[in-house]
Structures are given as C-alpha cells and as structure tokens.
Number of protein chains: 2
Amino acid sequence: MSLFALGFSDTITASTAKVGAAYSNVTKSPRQRAEALLEQMTWAEKVGQMGGIRRLFSADLAFNKTSYAEIRTLQNGMIGYGSYMNKAQDVLPLVNAIRADRLNIPYITMTDSVNGILLVGGSVFPGSLTMSSSWNPALYGEAIAAIREESLAMGTRWVLSPELDIGKEPRYGRVGEMYGEDAYLNGEFGTQYVKTMQERDANGFVKVAATIKHFVYGLPSGGVNTASMFGGINHIFNDLAPPFIKTIKEAKPLSLMVSYATVDRVPMAANKWMLQSLLRDSMGFEGIIMADAGAIENLYTQAQVASSTTDAALKALRAGIEMELSPAQPAMFPNLVDVVNDTGVAALIDAAVLQFLEIKFASGVFEQPLPTLDLNSTLRAPLHLQANKDISREAIVLLQNDGTLPLVKKSTGKVALLGPFAEVINAGSYAAQNSSQPAFGNTLHASLVNALGASNVQYVLGVDFTDTEEDSGIETALTAAKDAGLAILMLGSLSVNPEDPLFSKRTDGEDFSHADLGLPGLQQELLDAVLDAGVPTVLILSGGQAFVLNNSTLRANTILHSFLGGEFTGDALVEVLFGDVNPSGKLTISLPQANGAFPINYDYLRTDNEAGASFDGYAAWTFPELSRDPPMPFGFGLSYTTFNVSKPTVSFSSGANSSLAVSGSVSNTGNYTGKEVVQLYFSQQYSLIETPVKRLIRFSKLELRPGEVANFTFSVPVGELGYYVHTEWQVDSGNYTFYLGSSSRDADLETANVVLSV
Amino acid sequence: MSLFALGFSDTITASTAKVGAAYSNVTKSPRQRAEALLEQMTWAEKVGQMGGIRRLFSADLAFNKTSYAEIRTLQNGMIGYGSYMNKAQDVLPLVNAIRADRLNIPYITMTDSVNGILLVGGSVFPGSLTMSSSWNPALYGEAIAAIREESLAMGTRWVLSPELDIGKEPRYGRVGEMYGEDAYLNGEFGTQYVKTMQERDANGFVKVAATIKHFVYGLPSGGVNTASMFGGINHIFNDLAPPFIKTIKEAKPLSLMVSYATVDRVPMAANKWMLQSLLRDSMGFEGIIMADAGAIENLYTQAQVASSTTDAALKALRAGIEMELSPAQPAMFPNLVDVVNDTGVAALIDAAVLQFLEIKFASGVFEQPLPTLDLNSTLRAPLHLQANKDISREAIVLLQNDGTLPLVKKSTGKVALLGPFAEVINAGSYAAQNSSQPAFGNTLHASLVNALGASNVQYVLGVDFTDTEEDSGIETALTAAKDAGLAILMLGSLSVNPEDPLFSKRTDGEDFSHADLGLPGLQQELLDAVLDAGVPTVLILSGGQAFVLNNSTLRANTILHSFLGGEFTGDALVEVLFGDVNPSGKLTISLPQANGAFPINYDYLRTDNEAGASFDGYAAWTFPELSRDPPMPFGFGLSYTTFNVSKPTVSFSSGANSSLAVSGSVSNTGNYTGKEVVQLYFSQQYSLIETPVKRLIRFSKLELRPGEVANFTFSVPVGELGYYVHTEWQVDSGNYTFYLGSSSRDADLETANVVLSV
C-alpha cells in the first residue's frame with residue numbers, strides 16, 4: 001500500500017502547531033500551554049481530544065479510510081497502530097502520514113507495552129510476570145529503557161503500562177501480565193517502569209508517558225476478567241493500592257487506567273468515590289484518568305448502571321474519567337458533543353482536555369519532529385538484545401532439582417525433547433510475533449538443536465496444547481524418551497496474541513479463568529507416561545500462571561518454570577540446562593497444592609489460616625491435607641549452588657529510631673557461581689487492624705563465587721513499617737520481627753526481634 | 001452419679017428470686033425489672049452475668065465441681081449441658097440441681113439448636129441445609145416448634161440459632177449449617193425460626209430466646225472458618241445482611257452472635273463500625289450482641305489486634321460485644337472485674353448486663369418452675385415425629401432420573417446397596433447421636449431391609465469414608481452389583497459431632513475447607529467401577545455440601561441428594577425409591593461443575609460472567625468449558641411427575657403502583673401426584689449500582705394430582721423491589737422483568753416485563 005493510496009500527502013513533515021499561538025510558547029509549562037490552547041478550542045474539538053483511534057491498521061496494513069475519516073471527527077486525541085502483526089518498518093511511514101495530516105493539534109501515539117513495541121521488528125521481551133521473577137528491578141529498567149527507545153523510534157509517546165495489579169487469584173487469566181502477588185515487589189517494578197519510561201530527554205520532554213493500571217484489580221470474583229470485587233477501604237488501601245501509591249509518589253505517572261472491575265457493586269468507570277476521594281484526594285494522583293477499552297460502554301450494556309450511551313458517558317465523566325481508550329466503535333465520549341447546556345459537564349470536559357493536552361505538551365508532540373524512517377539503528381539494537389538476554393536468563397525459576405541439572409554438554413548424548421511448548425515462543429497476549437514461526441529468537445527446540453546438533457535432539461510433539469482426544473503421540477514420545485535416556489518436556493498453558501495462528505489453542509490470558517490449574521489437554525498424561533517409565537525427566541513449565549503440581553508431576557527430577565518467554569528464553573533455557581547460566585529466578589506467585597486451594601499468597605492474615613473454635617486442634621485446609629505455607633511459595637527458587645543467609649542483626653542507624661539498619665551476610669556454600677535474592681520480611685506483634693503474618697520490605701540480588709561471602713545492610717525507615725487504617729497511615733510502637741532469607745518460607749528465614757518506639 | 005455426689009441439695013425447687021425485691025414485680029416490663037435488679041448488683045456480679053459455663057458435663061455425665069465452682073464466680077449468666085452424647089433423662093435432674101443452687105439470679109440455660117436438643121433422647125431432625133431444601137417454611141416452623149417444646153422440657157430458654165449466613169462459598173465446611181445461598185430464602189427460614197422459637201406462652205413469657213448468627217459470614221477467604229472477608233458496605237448490605245435485616249424487623253430476635261470473621265481487616269468481635277453504625281443504627285437491632293466461643297480471646301491470640309487478654313475484653317466491650325459465649329477457659333470478660341476506674345467501661349458493662357437480664361426476665365427464668373423430670377410426654381412426641389418425617393421427605397432432591405425411579409417394590413428383586421453412608425445417619429456437627437449406632441431412626445441400610453427383607457438387600461461397604469489405600473472392597477461391591485442388577489450407592493462427605501466414634505472420618509463441618517469438591521477417599525473409584533460395568537445405578541449423595549458431579553458420575557441413572565439426614569431420612573429415601581414419596585426438594589445451593597469453578601450462585605452480577613473486552617466474543621470460564629448457569633443451580637430439583645408453570649401475568653393490585661400481583665398457574669402434566677415449588681424471580685434493567693441478573697422474591701410449594709391445575713397469585717409490594725446503596729434502600733422506576741418457573745435456570749422460567757413508576 002502506498003501513502004498515496006491512503007489519500008494523504010506523501011511528504012513527511014513535522015506536525016505543525018499554529019505558529020505564534022500562545023500555546024506554542026515553549027518557555028511556558030505544559031499546563032500553561034494546554035490552558036492557552038483550550039481557550040481556542042470548540043466544544044467538538046474538546047470532546048475529540050478525549051478519545052482517539054486505537055486500531056489504525058488491521059492485519060496486512062489494511063486501513064479503512066472512510067471509517068477513519070468518520071471516526072476522527074470526534075475521536076482525535078490519540079492513535080494506535082492496530083494489528084500487532086504488521087511490521088514496524090511498513091507501519092511507520094503510513095502512520096507518519098496520518099500524524100502529519102493533523103495540522104492543528106497533533107495526535108499522540110499510544111500503544112500497549114508489555115513485551116516490547118506492538119509491531120513486528122522490535123525486541124521481544126518476556127512477559128511481566130517473567131521479568132518480575134528476576135527480582136532484579138535494575139535489570140528490568142534496562143529492558144524497559146530498550147522498549148522505550150524502540151517505542152520512541154516509532155513515535156510512540158504514551159504507553160499503557162505498567163500493570164500494578166495484584167496476582168493473588170491464580171485462576172485469573174491475566175496474572176501473566178502482572179508482577180506477581182506482592183504489593184511491595186509490584187511497587188518496585190512498577191516504579192522502575194514509570195521512572196524509566198518517563199525519563200526526560202535533553203529538551204526536558206518526557207520521553208514516553210506511562211499509564212499505571214488497572215485501578216484497582218487482581219482479585220475478581222471467580223477469576224473472571226470484568227467481575228466484581230468486594231470493596232472495603234482497608235482491603236483496598238493495604239492489599240491493592242500500595243503499588244499505585246508508591247508509584248504515584250515516587251514516579252508521577254502521567255496517566256492511570258481504571259479497571260473493568262465492579263468494586264462493591266459500583267463499576268470503576270463510574271466509581272466517583274474511588275476516583276475522587278481515594279485516588280485524587282487520598283493518594284494524590286494528578287495525571288489523567290482513562291477508562292479501559294469498552295469500559296464506559298459496559299456501564300450501559302453490561303453493568304447496566306447507565307440507561308443509554310450518553311448516560312454512560314456522563315456517568316463516567318462525572319465519576320472522574322477524562323479519557324476513553326478507544327474500543328471498537330461506537331465510542332461513548334463523542335456523545336458528550338450533544339450535552340451542551342450543562343455547565344458542570346463543560347467544566348469537567350475542560351479539565352479532562354487540559355489533562356490530555358498537558359501530556360501532549362509534556363511529551364513534545366507539538367515540537368518534536370516525526371520519527372525518521374530508518375529504524376535499523378534502534379530496533380533490536382545490541383544493547384537491547386543484551387538486556388533481553390540478561391533478564392531472560394535471570395527470570396527462569398528452578399523449582400526442583402535432584403542433581404540432574406546441570407547437564408554436561410559433552411557427555412550428554414541424545415535427548416528426547418517432548419511437548420508442544422518446545423516449538424513455540426509462549427510470550428503472552430501482547431507479544432508482536434507469530435508464536436510458532438517467530439521472526440526473531442528460538443523456540444526451545446531450535447535452541448537445543450543449536451546446542452547439541454539436530455542428530456542429538458529427538459523431538460516428539462507427543463500431545464497437542466489442548467486436545468483431549470488424540471493420544472497416539474504419547475507412545476511415540478515415550479519410545480523416544482526411553483531411547484534417549486533423558487526426557488526434556490516443555491508443557492504449560494498457551495497465551496498468544498489474537499492474530500496468532502495458535503490463538504484458538506490458548507488457555508491463558510485476558511478472558512480466561514482457570515477453574516482447573518492443572519495442565520490443559522493430555523499434557524499430564526504425556527508427563528505421567530514418561531515418569532511412569534522411570535526415564536530421567538526435566539520438566540519445563542511454560543505459561544503466565546501458577547500450575548498445581550500433583551504428586552505424579554513432583555516425581556520429575558527437575559522442574560523449571562519459564563513463564564511467558566521472550567525471544568531469548570529458548571536460548572536461556574538451554575544455557576540453564578547445561579549450566580552456562582545458573583538459575584536465579586524466584587517465584588513472584590505462590591504455587592497452590594490443589595485446584596481449590598487458594599488464595600495461597602504468603603502474606604495472609606493470621607485469621608486466614610485457622611479453623612476457629614476447633615475441639616481438638618484440627619487445622620483448616622484438612623481435605624486434602626493442605627497448608628497456607630505451600631512448599632513453593634512467593635520468593636522461592638533454587639540454584640545449582642547453595643547459599644547460606646545469616647541471621648539478621650538490626651540496629652538503629654540514626655537518632656530517634658527514625659531508621660533501622662538490617663544487616664546480614666550471604667555465603668555461597670556450593671560449587672557454582674550464582675546469584676541469590678536475599679529477602680527481608682517483617683511482621684508486627686499487635687496492630688490496630690489485622691496485619692499479615694509477614695510482608696516483604698526489602699530485597700537484593702547478589703552474585704557470589706563459590707565460597708564467597710557478601711555482607712549487606714538494608715536501610716528501613718521506621719515510617720515504612722506501617723499500614724493503612726481507613727486511608728490513614730499508621731505506624732505502631734511495639735514488637736516487630738524481621739525475617740531474612742532466601743524465600744518467604746519460614747524454613748528459609750532467620751529472624752530477629754526488635755522493640756520499636758515511634 | 002447421684003445429686004448428692006455433686007454436693008448440692010437433692011431437693012428440687014424453683015429458682016428463687018428475692019421475695020419482695022423490686023425486680024420481682026412481674027407487672028413491670030423485663031427491661032424495668034432488669035434495671036431494678038442491676039441497681040443491687042456488685043461490679044463482680046455484673047461481670048459474672050456477661051458469660052457463663054457452656055459445657056457443664058463431659059461425656060458420661062462427668063462433672064468437675066472444683067472447676068465449676070471456680071469458674072462460676074465470674075461466669076454465672078448462662079449454663080449449657082456440655083456433651084451431646086449424654087441422655088436427656090440423665091442430665092435433667094443434675095442440671096436442675098445446679099439451677100436451684102443459684103439462689104439470687106438464676107442461670108439461663110442455652111444450647112445450640114440445629115437438629116434438635118443437644119442431648120440424646122430428643123427428636124433428631126435433618127440439618128438446616130436439608131430442611132431448607134424442602135422450600136417449605138411452614139413445615140419448617142412445625143419442626144422448630146417441636147425442637148422448641150423439647151428444649152423447654154429440658155429447661156432450655158435460649159438457643160444459638162438460626163444461622164443466617166450465606167452459603168455462596170462451596171468450599172466452606174459450614175454450608176450444611178446454613179439455609180443455602182440465597183438471601184431471601186434465608187430470611188424466610190430464619191424469620192420462621194425466630195418467630196416460632198420466641199413464641200410467647202400463656203403468661204407472656206418468651207418461650208425460648210433465639211440468636212441470629214453469625215453477623216456476618218459466609219464468604220470467608222479460602223472457605224476457612226475464621227478467615228477474612230472483604231468489606232464493602234454495598235456488599236454487606238445487599239449480599240450478606242438481608243436475612244438479618246428481615247429477621248430483626250419481623251421477628252425481633254433477642255440475641256445476635258457475631259462471626260469469627262475478620263471483615264476488611266477488623267475482626268467482628270472488635271468491629272465497632274459494623275456493630276454500632278450498621279447493626280444498631282442502620283439495621284435497628286435491639287437485642288444482646290454476643291461473641292462466639294473463643295472469639296474475644298482470638299483478638300489477642302489469633303488476629304493480634306489486642307495486646308493482652310484484658311485488652312481483648314476491653315476492645316470487644318467497646319466495640320459493642322455484651323456477652324461472651326463461654327469457650328474453653330480462660331474466658332476474657334472476667335478480666336473486666338479489674339477495670340474499675342473507667343466510667344466508660346462501667347456504663348458499657350451496665351448496658352450489657354441489662355440486655356442479659358432482660359432476656360432472663362422476658363423468658364421467665366426467675367418465675368417459671370424448673371422443668372419436671374418426666375420428659376416422656378414431650379421428647380419425641382408423636383407430633384414431633386410427624387413433623388420430622390414430613391420435612392425429611394420434602395427435603396430430598398432428585399437431581400437426575402432416567403425413569404429408573406421409582407422402583408416397583410413387588411418386582412424389585414435383590415438390590416445391591418453399596419457405600420459407607422448407607423450405614424450411618426450423617427446428620428452434621430450438632431446432632432446428638434452416634435452416627436453409626438443411632439438411638440433412634442434407621443440408616444438407609446436398615447430402612448431398606450425393613451422394606452425389602454434382609455434377603456433382598458446385599459450390602460457391601462465397598463470403600464471407607466476417607467481411606468485412599470484400601471480398595472479391595474470395590475471388587476466385592478461390583479460383584480454384588482452385577483449379581484443384583486441394580487446398585488444403590490450412598491456416597492458423600494461425613495459430618496458428625498466431636499464425640500462420634502467416626503469423628504476422625506469426617507470431611508465436612510466447622511474447621512473444614514473443601515479444596516476438592518469431589519468425593520473423599522476412594523468413593524469415586526467405587527462409583528466408577530459400578531458405572532463402568534453398566535449396572536443400573538441409583539446414586540444417593542449425603543453431606544451438607546455441594547459436590548462436583550463429573551462426567552463419570554453423571555452416567556448414574558438416578559442421582560438424589562439427601563444432604564445432612566435426620567433420624568427419618570433413611571426411611572424417607574426408601575419411600576422415595578419406591579415412589580411412596582414423590583421427591584419435591586429443590587437445591588438451595590448451586591452445584592459447581594469443576595473444583596475451581598466458583599462462586600456459582602445464581603444471583604450473580606452481570607459483570608461476573610463476562611470476559612471483558614474480548615476480541616472475538618470469547619466467554620469467561622472457558623477452561624474447562626463452564627458456565628455461570630450450571631445445569632443444577634439453586635432452585636433446581638426434579639419430580640416423578642412433570643409440571644408446567646405458566647407465563648406470569650403482572651397487574652397492579654392497588655393504586656399508585658404500591659403493590660404488584662404476579663399471577664400464574666401450575667399444572668401437573670405427568671402421572672404422579674407431586675409437589676412443585678413455583679418460584680418468582682425478578683431483575684431490573686438499570687440501577688444506581690450493579691444488581692444481580694435475577695433475585696428470588698417469592699415462592700410457594702403446591703401439591704397437585706395428575707392433571708390438576710392450580711392458580712396462584714403472589715403479592716409483591718413495589719417497595720420490596722429495591723437494593724441498598726450505602727445503607728439506604730433504593731427502589732427505582734423503570735423496566736423490570738419477572739421470571740416464574742420451577743428453578744432459577746432460564747430454561748425453567750417464563751418471563752413478563754413491567755414498567756414501574758415509583
């Protein structure tokens with residue numbers, strides 16, 4: 001398709017704001033410039049800024065000019081590229097042409113941003129849950145910087161990440177998009193994302209505006225995407241909001257997206273109390289508040305708390321929604337163009353548009369030149385590839401190992417590679433790639449062939465991702481496993497983008513609720529057959545979710561979890577198999593022990609684990625025998641070497657108890673160089689409202705050679721050791737326990753008790 | 001044991017209040033008399049009224065006089081009998097002696113009251129979930145009247161029922177104690193219970209004070225008994241509180257017990273906001289507020305929101321707790337005897353004691369004579385047995401039937417009876433009986449032998465309740481099944497009292513959370529073996545819980561659910577098997593289709609069932625294929641005959657839209673006389689906050705002969721068609737839909753649309 005075919009000029013120029021207009025004065029602040037521009041805008045122009053066109057191109061660059069022309073009259077704030085499967089190089093000139101077409105107020109370009117840019121040609125990073133399993137926010141920052149630069153090269157100035165939701169509902173299909181179950185860890189990764197993405201350029205422009213989302217989410221009823229959540233202000237503030245509060249305070253995200261959730265029977269897109277009293281007043285959020293795609297329409301069509309599309313738009317606006325992420329048509333906010341006699345509405349629209357324009361001025365879309373068409377120097381730059389390789393390696397979690405790993409490459413003869421996941425890159429819903437024929441990167445199968453040679457890898461699919469009928473491949477797989485004497489199985493749950501050829505095979509991602517946390521289809525049967533035969537087995541799990549590992553599965557000699565992989569995950573897994581990389585990832589979600597045994601998060605309340613007035617000490621969770629402290633909880637992950645973490649010593653590092661210094665040491669007591677994540681948790685003995693059995697407060701990843709010892713000190717301001725009581729931060733005097741170690745399991749922690757006086 | 005051995009007088013006299021004291025004036029109201037008495041009491045005497053001795057006797061009437069004498073100095077408000085396994089006839093003279101020993105302020109006797117009196121010798125009714133499955137509150141009232149009279153015969157003046165909790169968490173082990181998942185149905189049964197129990201005698205005394213409980217409960221995290229619940233005032237008022245609100249308004253229960261739950265991080269026993277602002281101010285509860293056994297101590301030892309036992313007592317008192325149900329020692333409220341300088345505490349204690357004394361005066365414990373020792377005329381009176389037989393018959397739910405039932409007794413030869421539940425009465429935690437050697441009533445095995453003769457019933461245990469190893473009985477059972485040509489299996493989940501010989505085999509009841517909703521032990525293997533062999537099979541489920549019926553189980557020709565049975569459930573099942581009773585029970589809990597597929601209650605919010613912004617209409621719950629509308633939902637139950645329920649017609653029965661008359665007819669279109677529960681649900685199109693897809697608003701159980709047609713009209717005040725928005729009742733104008741039919745399934749309902757103007 002040529003630019004001419006689109007009907008636009010094929011001359012690429014910078015977006016042109018009116019020369020000489022007050023809003024063009026770059027010495028003014030973005031807010032001042034936005035105010036100046038707002039004065040010149042018509043009602044319709046204002047309404048137009050409150051939305052945009054999210055899906056510009058369909059697959060193969062298809063573009064409906066008539067539809068676009070119609071839509072853009074009242075939806076001209078932002079544009080997005082549309083199909084993930086188009087090539088960046090092909091999209092850029094076309095989208096530049098459209099940007100240039102908007103002469104007065106330039107579009108701002110907005111995309112999702114999880115695995116990378118949402119077009120083929122960029123780096124493909126692992127999913128968010130995967131990267132969080134590195135427990136390495138600094139390295140994550142390098143990954144996000146790479147995504148930022150690749151986004152900028154495409155002209156993207158606004159992204160719809162990070163996702164700060166709490167992954168405590170293992171059935172929920174979007175856990176792979178999150179940073180795991182812990183509010184503190186989420187805040188660390190989320191703040192890193194926003195700071196990195198919103199870094200300022202030499203001209204003082206924000207490079208790319210970030211969107212914290214979804215306010216609030218993570219524990220939907222039944223694990224269903226748009227389902228209701230029970231409110232309760234202490235629950236919201238202590239369990240769900242901390243990553244938002246931290247990120248708002250420390251990184252000032254320019255944008256926030258509300259969730260699809262209905263909280264305490266009020267949909268978030270119409271929840272004035274949550275958006276005004278809590279988010280604005282208590283949490284101090286100052287950026288723009290947007291509704292997720294379709295969420296305003298849902299008020300009318302789904303939740304039925306609005307009686308028309310216009311009523312839905314008004315309810316959302318009045319609750320505090322300032323922008324509508326463009327869904328499929330029709331959008332709701334364009335209805336506001338007809339509500340002309342309401343000064344209250346007018347004021348709300350003005351406030352919303354100011355927010356939107358401020359981001360445009362802050363990110364320089366009025367001044368910055370359009371991106372050049374030469375993408376080669378940025379997309380997949382060597383630094384980006386390196387960051388991707390590094391985080392892919394650090395994100396793999398070793399769950400179980402009897403010494404089978406690492407394999408010795410020279411003495412490893414033939415291996416049997418089994419399972420459908422060995423032939424895909426299972427990267428999640430937001431990866432711009434064809435999972436089974438990726439443009440970049442290797443599947444595990446390809447990586448293993450690269451390492452051992454094709455003749456030493458006998459690959460057998462064995463079973464399909466989901467099919468529950470066709471089991472004839474199991475026998476073939478078993479024969480190969482017995483023949484090789486070593487079986488490597490890659491099994492799991494597929495999550496791919498909507499245009500992927502395997503989309504119909506997916507069992508994870510948005511829209512899914514895992515009523516069954518086992519392996520889909522006949523995968524368990526394949527695994528059982530190999531284990532029944534006594535073949536030494538390395539099981540590699542794939543998927544952005546927790547799996548229940550039953551007693552049969554636990555017979556595997558080695559179990560690794562690779563979550564949602566990126567383009568280098570196959571290579572990294574092979575490096576792990578052969579000991580070129582010593583695994584150092586730690587779980588950021590706890591793995592339940594039975595299908596109905598959740599929630600299973602490590603930071604439960606004490607009352608959540610007791611049966612109450614029991615006559616004879618019967619514990620809860622007794623059928624089948626279960627525990628709130630499962631063997632593979634948050635923070636857990638093994639290494640090829642062993643580490644010993646000391647008891648913590650706690651001292652007051654400055655006067656008046658204002659800060660604690662928690663010191664310890666970690667020693668590598670094994671035979672391999674490796675990285676350990678030392679984790680500091682705390683609990684308090686008594687509190688005004690119930691507080692968790694323990695909470696993560698600091699962590700650090702350290703590399704040690706065999707025999708090496710590292711000393712470290714965590715500084716913890718006493719003021720951080722608190723909790724919210726009805727929105728107020730509370731820190732108590734009294735007895736505190738600090739737990740230092742290598743996971744959230746009590747068995748992996750050493751403790752120190754401290755009396756604090758605040 | 002003689003009375004003399006207890007060290008008390010063996011002369012039984014009435015309790016004696018001081019003659020001539022102002023509080024003795026029976027012309028005064030209970031409140032006035034309580035005020036008069038309070039003036040004469042010491043601080044310690046007051047504190048003593050705030051608790052008591054719950055477990056007077058251990059098994060075999062064992063009694064620790066030293067311990068009792070020590071405890072009663074500061075715990076002398078109430079007494080309970082203790083062990084359920086003692087005989088009523090043996091207990092009564094002993095407890096009478098103790099009552100007589102309290103000369104000034106008589107004890108009030110308080111017991112749990114679910115299946116009957118908590119002593120051997122009374123009628124043993126089915127569990128609450130079972131009785132609710134009758135959908136016959138009038139018949140339930142007859143059962144409760146029987147329990148009331150048997151309680152009075154023992155001198156019990158205060159009971160710890162009804163349980164109004166919402167059974168929407170199928171994992172929770174106490175669902176069998178509840179009336180099911182629906183707030184309206186719960187309110188109907190709970191109000192019936194309170195009105196019946198608190199009926200006044202000829203002297204105007206309340207016969208037995210009732211306790212509504214547990215405020216609030218039913219959706220604990222993970223299904224764990226004391227676990228946290230998420231607050232949210234709209235959730236509390238719309239989902240949890242309606243049965244409390246209705247019962248308080250219509251039946252004025254004298255007592256309320258708060259739950260073990262932590263709601264929004266504040267334990268209910270210390271939750272001032274819930275107890276004062278919501279329960280007292282918004283809901284208008286005026287009775288005494290008590291803490292469940294151990295719940296005040298839990299504030300200190302478990303939730304850790306109190307820093308000592310005295311702090312726990314004070315926090316509970318200040319939150320609004322007025323009485324401590326006596327747990328195992330130590331009790332917490334006796335600590336208040338040391339808090340002497342606090343006038344605020346003194347005032348709270350006075351208020352609490354007034355509440356307690358008012359119940360004693362209202363129920364006549366000062367004046368009424370001690371019960372006579374002749375229990376024969378009351379316990380197990382013919383009317384009580386008849387009510388028990390009637391409700392046992394109406395509570396059995398027929399879930400599936402291909403025509404195998406009813407059996408024809410004359411042509412039924414030998415039957416194979418299989419499974420461990422055929423040899424017990426599985427009645428729940430509050431049944432005063434030995435489940436395998438019941439003093440009264442028949443197991444299914446015994447009932448079937450009575451019906452067919454021993455030579456025609458080949459009973460094989462097959463498998464144990466819980467054992468997962470011993471499977472040798474399966475083969476024997478299979479042989480018997482093949483030989484007989486008809487297999488009747490009774491399988492399920494055991495719930496018995498703590499002193500039952502089978503207590504260690506139980507898998508349901510307080511303390512249990514069902515991470516697995518299948519059949520415990522090897523019961524499924526036994527069932528599968530019989531079904532695999534193609535033997536015609538009648539499966540009878542037993543247990544106070546939902547079971548997941550997998551595809552294998554659904555091969556059974558007939559499936560019945562008997563829940564927690566009473567002494568006549570075995571007989572009733574045999575009557576159902578042979579068509580002497582046509583089943584008419586309806587589920588009051590929905591049956592999920594997979595272990596992780598919940599909540600599954602019929603009255604979900606619309607947003608709970610949608611996947612959100614799905615690209616191509618993918619629904620939620622897609623792995624495995626599931627639905628929020630399961631085939632066996634709330635309200636579902638089959639009959640041997642067929643019924644046809646008409647479309648509803650709706651008219652305004654009086655001016656100004658104040659009331660609706662919803663009329664319809666039901667016809668018996670089959671060949672057996674039977675009872676149908678016609679059910680009326682409604683939904684509204686738009687609302688201020690989200691409202692459920694449908695809600696039960698009326699139901700009626702009608703008996704019809706073949707070919708008979710019954711017309712009926714439900715009167716529904718428009719004011720009932722509302723919901724709570726932040727504690728305020730809201731009724732909207734707009735479009736409403738009424739659904740009339742035989743279950744909550746859309747397929748079983750006919751609709752009428754109405755426009756209301758309020």
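These legends go with a handful of views of a predicted model with chains A and B.

**View 1. Chain A as a whole, with its helices and strands.** Chain A carries 19 helices and 27 strands. Along the principal axes, its C-alpha atoms fill a box of roughly 75 × 65 × 50 Å. For 758 residues, a compact globule would come out with a radius of gyration near 27 Å, and chain A has 26 Å, so the two agree.

**View 2**

**View 3. Where chain B meets chain A.** On the chain B side, 79 residues are in contact with 79 residues of chain A. Together the two chains bury about 6,800 Å², and 56% of that is on carbon and sulfur atoms. As for polar contacts, 33 residue pairs turn up between chain B and chain A, counting pairs with both residues at pLDDT 80 or more. Helix 9 (residues 233–240) of chain B is the top contributor to the side of chain B that touches chain A, giving 5 residues. Sorted by class, that side of chain B has 36 nonpolar, 29 polar and 14 charged residues.

**View 4. A salt bridge across the interface.** How many salt bridges does the rule find across the interface of chain B and chain A? It finds 2. The pair to look at here is Asp239(B) with Arg265(A), whose side chains meet at 2.6 Å, N to O.

**View 5. A salt bridge inside chain A.** Over all chains, a search of the whole structure turns up 68 salt bridges. One is formed by the side chains of Glu149(A) and Lys207(A), at 3.6 Å, N to O. This pair ties together distant parts of the chain, with its two residues 58 apart. Glu149(A) belongs to helix 7 (residues 137–153) of chain A, while Lys207(A) is in the loop between helix 8 (183–197) and strand 5 (211–215) of chain A.

**View 6. The cis peptide bond at Pro599(A).** Going from Phe598(A) to Pro599(A), the peptide bond is cis, with omega near 0°. Pro599(A) is in the loop that runs between helix 19 (569–577) and strand 18 (643–645) of chain A.

**View 7. A cis peptide bond in chain B.** Lys213(B) and His214(B) are joined by a cis peptide bond, and its omega is about -15°. Where is His214(B) found? Look in strand 5 (residues 211–215) of chain B.

**View 8. The backbone at Asp60(A).** Here phi is near 60°, a positive value in a residue other than glycine. Asp60(A) has its place in the loop between strand 1 (52–53) and helix 4 (65–72) of chain A.

Definitions and conventions
Residues are numbered from 1 along each chain as its sequence is written. Chains are lettered from A and ligands numbered from 1 in the order in which they are written. This is a predicted model: local features need pLDDT of at least 70, side-chain atom pairs count only at pLDDT 80 or more; totals for chains, interfaces and linings use all residues. Side-chain values use heavy atoms; hydrogens and water are left out. Contact means heavy atoms within 4.5 Å. Buried area is the accessible area (1.4 Å probe) that two parts lose on being put together, summed over both. A salt bridge is a side-chain nitrogen of Lys or Arg within 4 Å of a carboxyl oxygen of Asp or Glu. A polar contact is a pair of N or O atoms within 3.5 Å; within protein, one must be able to donate a hydrogen and the other to accept it, and residues adjacent in sequence count only if both atoms are side-chain atoms. Helices (H or I, at least four residues) and strands (E, at least two) are DSSP runs, numbered from the N terminus. Ala, Val, Leu, Ile, Met, Phe, Trp, Tyr, Cys and Pro count as nonpolar, Asp, Glu, Lys and Arg as charged, and the others, Gly among them, as polar. The radius of gyration is taken over C-alpha atoms; the globule rule is 2.2 Å times the number of residues to the power 0.38.
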